[in-house]
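Hi everyone, thanks for coming. Let me put the structure up on the screen, and then we can walk through it together.

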Amino acid sequence: MGLQGKAALVTGAAQGIGAAIAARLAQDGAAVAVIDINAEKAEEVAAALRSGGARAMSAAIDVTDRENVAEGMGSVAAELGPPHILVNNAGVYRSTPLLDDSSESWDLSMDVMLKGVVVMAQEAAPHMIRAGWGRIINLGSMMSSVAYGDDLAYCTAKSGVLGLTRSLAAELAKHNVCVNAICPGSILTTMLEQVGQAVEKRDGLETGSWLQKRAGEIPLGRLGLPEDIGSAVSFFCSEDSSYITGQSLHVNGGIYQS
Ligand SMILES: NC(=O)c1ccc[n+]([C@@H]2O[C@H](COP(=O)([O-])OP(=O)(O)OC[C@H]3O[C@@H](n4cnc5c(N)ncnc54)[C@H](O)[C@@H]3O)[C@@H](O)[C@H]2O)c1
C-alpha cells in the first residue's frame with residue numbers, strides 16, 4: 001500500500017493494459033481516475049475497483065482535446081485530490097503503409113500518442129510541481145525501437161514518446177518529478193488481437209496463427225499479460241525507483257534486448 005494518499009490518473013484505462021495498470025495502482029493504495037473516451041467501459045472498470053475497496057472514479061476524457069482534458073482534470077482533482085501520478089497509456093494502432101493514403105490514421109496516431117501525452121502532462125504537472133513529488137509514466141512500445149513494416153505512424157509516434165519522456169524528465173527533475181517510459185512487447189489485449197487479425201487477413205493466414213507464432217518466438221515462452229505492465233508501472237511509482245528518470249524499460253519476455 002505504498003501509494004496511500006496519492007492520486008493517480010491512467011488514460012486509456014477502460015480495457016487492456018490501462019485497466020490492469022489502474023487495478024495495480026489501486027492495489028498499491030492510490031486513489032485512481034480511470035480515464036478513457038469510452039465512458040461506459042471506464043465506469044465499469046472504476047466500479048469494479050470501488051467494489052474491491054479502492055477509491056476510484058471514471059472520467060470521460062479525450063486526451064487529444066485540450067479543453068476536455070482541462071475540464072476533466074478539474075473534476076478529477078476535486079474528487080480525488082491533486083494528481084501525483086500520471087500514466088499516459090491511451091493508444092491506437094492503425095496500419096499505415098507508406099504508399100497508402102493514410103493521412104487520417106497518421107493524424108490520429110500523432111494526436112493520441114504524442115499530443116495527448118503532452119496535453120495530459122501540461123495539465124497534471126503543475127499539481128506535481130506544487131506537491132514537490134510526481135511520477136509520469138508514458139507507454140512506448142517495442143516499436144519505439146524496431147519496425148515490421150506498414151507501421152509508419154505507430155513507430156513514429158512511439159519513437160517520439162521516448163524523446164518526449166527524456167525531455168519531460170530533464171525539465172521536471174528539479175521538482176522531484178520522475179518521468180519514464182515502459183515499452184511493452186506483445187501483450188494480450190484487444191489491440192494485439194486486432195493487429196493479428198489484420199496481418200492474417202493481409203497475408204492469407206489461418207485465424208489465430210499470427211498470435212501463436214508470435215508467442216512461440218518469445219524467449220520467456222509466452223505472450224505478455226496486461227498485469228506484467230502493471231507491475232512495471234508500480235515499480236516506477238514506488239520509492240524504489242526514486243533515482244530513475246528519463247529511462248525506458250522494455251517489458252517483452254526477452255524478444256528484443258535494448
Ligand atoms: N497490446 C500490446 O501488445 C502493446 C504493445 C506495445 C505498446 N502498447 C501500448 O500500450 C497502450 C495500451 O494498449 P492496449 O493494448 O491496452 O490497447 P487497447 O486498444 O486495448 O486500449 C486502448 C485504450 O485507449 C483508449 N483511447 C484511445 N484513444 C483515446 C483518446 N483519444 N482519449 C482517451 N482514451 C483513448 C481506448 O478507448 C482504449 O480503451 C497503448 O499505448 C499501446 O500503444 C500495447
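Before I go on, a word on what you are looking at. This is a predicted model, in which local features need pLDDT of at least 70 and side-chain atom pairs count only at pLDDT 80 or more, while totals for chains, interfaces and linings use all residues. Residues are numbered from 1 along each chain as its sequence is written.

Back to Leu108, which lies in helix H4. Helices (H or I, at least four residues) and strands (E, at least two) are DSSP runs, numbered from the N terminus. If we leave aside its neighbours within four places in sequence, Leu108 is in contact with Val92 and Arg94. Contact here says that the C-beta atoms of two residues, placed from the backbone, lie within 7 Å. Phe235 is 127 residues from Leu108 along the chain, and their C-alpha atoms are separated by 30 Å.

Now stay with H4 and look at its partner. Helix H3 (residues 66-80) packs with helix H4 (residues 103-131) at an angle of about 35 degrees, and their axes are 9 Å apart. The axes are lines fitted to C-alpha atoms, for helices over the stretch in contact, and angles run from 0 to 180 degrees between N-to-C directions. The contact uses Arg66, Val69, Ala70, Met73 and Ala77 from H3, and Val119, Met120, Glu123, Ala124 and His127 from H4. Sorted by class, that contact has 7 nonpolar, 1 polar and 2 charged residues. For the classes, Ala, Val, Leu, Ile, Met, Phe, Trp, Tyr, Cys and Pro count as nonpolar, Asp, Glu, Lys and Arg as charged, and the others, Gly among them, as polar.

Let's zoom out to the domains. The protein is divided into domain 1 (7-185 + 225-251) and domain 2 (188-223), with bounds that come from an automatic or database domain assignment. Their centres, taken over C-alpha atoms, are separated by 25 Å. Domain 1 gives 7 residues to the contact and domain 2 gives 7 residues. On the side of domain 1 that touches domain 2, the residues divide into 4 nonpolar, 3 polar and no charged.

So where does the ligand lie? Both domain 1 and domain 2 give residues to the shell around the ligand, so the ligand lies between them. There are 28 residues around the ligand, and the closest are Gly12, Gly16, Gly91, Thr189 and Met191. A residue counts as near a molecule or strand if its C-beta atom, placed from the backbone, lies within 6 Å of it. Helix H1 (16-27), H4 and helix H6 (190-203) each supply at least two residues of that shell. By class, the shell has 12 nonpolar, 14 polar and 2 charged residues.

H6 also holds Ala198. Ala198 has 15 other C-beta atoms within 10 Å, so this residue is partly exposed.

For a contrast, turn to Asp228, found in helix H8 (residues 226-237). Asp228 counts as buried because it has 21 C-beta neighbours inside 10 Å. Apart from neighbours within four places in sequence, Asp228 is in contact with Ile187 and Val251.

Last stop, the backbone. Most residues other than glycine have a negative phi. Asp150 has a positive phi of about 65 degrees although it is not a glycine, and its place is the loop between strand E5 (134-139) and helix H5 (152-172). Asn176, in the loop between H5 and strand E6 (177-184), also has a positive phi, near 65 degrees. With 15 C-beta neighbours inside 10 Å, Asn176 counts as partly exposed.

That's my tour, and I'm happy to take questions.

Conventions: Buried ≥ 20, exposed ≤ 12 C-beta atoms within 10 Å, placed from the backbone.
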